[in-house]
Amino acid sequence: MNSKIVVIGSCNIDLQCFTSRLPRPGETLHGSLFRKGFGGKGANQCVAAAKLGASTAMLGDDSFGQDFLEALKSNKINTDFVHITNGISSGMAQITVSDNGENTIVIVAGANNKLSVSDIQQASEIIKIASVVVVQFETPIETTIEALKITKKGKGIAITNAAPATANPDPLVFNLSDMFCVNESEGAGDMFVGSLAFYLACYPELPMKEIVKRSCEMATVSVQKHGTQTSFPTKDDLPAELFMKCSSFK
């Protein structure tokens, strides 16, 4: 199955704790709510684009088994290249969210670290024909570089989301990326990147300024709900003008 957007990245289980404020170092607070969900920057960005209506494919490693695969498939995502890895812990993200919307996140890569260059090479054909390819820094850097190299053999746009922040990333990442997208902090970055990929793949005639504007509007909607992937809007949740082919900029 051909996909307009291919995302190479992480699949995590999100453990979300909600509390009135973020704890100080050494402090214990009572929380008000706990939720478990599916996340990981790669999976989040893929789900975000799919919910907007894009044809998407996910490349990654996880150890969650059928539940996570079914969650991706429920969003009509091609999971042919998502591998189940045994003998290692799942990728995990412990997320604490305060009442004012600030959060702190600790991730443990787990099975995501098993995504290999060979895995990427096996998916080379689907990467080459994609309109947009998205990578991040939650999987091994050598797999990210291989994905970018293969993208250059096709005609797709390569987006690198430099998150989580990494000191002194390999210069090849900059050289091979068409767009280098950084987060000021963790909040709505995955929804923004997923929206950016959606517009570049499905509305390539729009000016970049308009694409960024609309992506920001979609990211704004996502932070008004709890959760990660569950907070991402579908096309039906959004104003029709966000899907018009003409630009609002004169």
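Me: What makes helix α1 count as mostly covered?

Reply: Eleven of its eleven residues are buried, where buried means under 20% relative accessible area, exposed over 50% and partly exposed in between (1.4 Å probe, protein chains only). The buried residues of α1 include K41, G42, C46 and K51. This is a predicted model, in which local features need pLDDT of at least 70 and side-chain atom pairs count only at pLDDT 80 or more, while totals for chains, interfaces and linings use all residues. Residues are numbered from 1 along each chain as its sequence is written, and side-chain values use heavy atoms, with hydrogens and water left out.

Me: Is C46 buried or exposed, and how do you know?

Reply: C46 has 0% relative accessibility, which is under the 20% limit, so C46 counts as buried.

Me: How many disulfides does the structure have, and how do you know?

Reply: A search of the whole structure finds zero, a disulfide being a pair of cysteine sulfur atoms within 2.5 Å. For C46, the nearest cysteine sulfur is that of C11, 8.8 Å away, and C46 is in no disulfide. The sulfur of C216 lies 9.3 Å from the closest cysteine sulfur, in C181, and is therefore too far for a bond.

Me: Why is C216 called partly exposed?

Reply: Its relative accessibility is 38%, which falls between 20% and 50%, so C216 counts as partly exposed.

Me: How do you know whether A71 is buried or exposed?

Reply: A71, in helix α2, has a relative accessible area of 16%, which is under 20%, so A71 is buried. The C-alpha atoms of A71 and F38 are separated by 8.0 Å, although the two residues are 33 apart along the chain.

Me: What makes a group of residues a nonpolar core?

Reply: The members are buried Ala, Val, Leu, Ile, Met, Phe, Trp, Tyr and Cys residues joined through side-chain atoms within 4.5 Å. The largest such core has 39 residues, and I5 and M58 touch the most other members. Its largest share, nine residues, comes from α7. Apart from it lies another core of 21 residues, among them I8, A57, V135 and L148.

Me: Which residues does M58 contact beyond its sequence neighbours?

Reply: Leaving aside neighbours within four places in sequence, M58 is in contact (heavy atoms within 4.5 Å) with residues including V7, C11, C46, L72 and F81.

Me: Why is a space called a pocket and not a cavity?

Reply: On a 1 Å grid over the protein atoms alone, a cavity is a set of points where a 1.4 Å probe fits but cannot get out, whereas a pocket is an open set with protein on both sides within 12 Å along at least five of seven lines. Lining residues have an atom within 4 Å of a point. The largest pocket holds about 840 Å³, a volume being the space filled by probe spheres set on the points, which are joined across faces, edges and corners.

Me: What lines the largest pocket?

Reply: It is lined by 40 residues, and I95, N103, I105, G187 and G227 lie nearest its centre. Strand β2 gives the most, with five residues.

Notes. Helix = DSSP H or I, 4+ residues; strand = E, 2+ residues; numbered from the N terminus.
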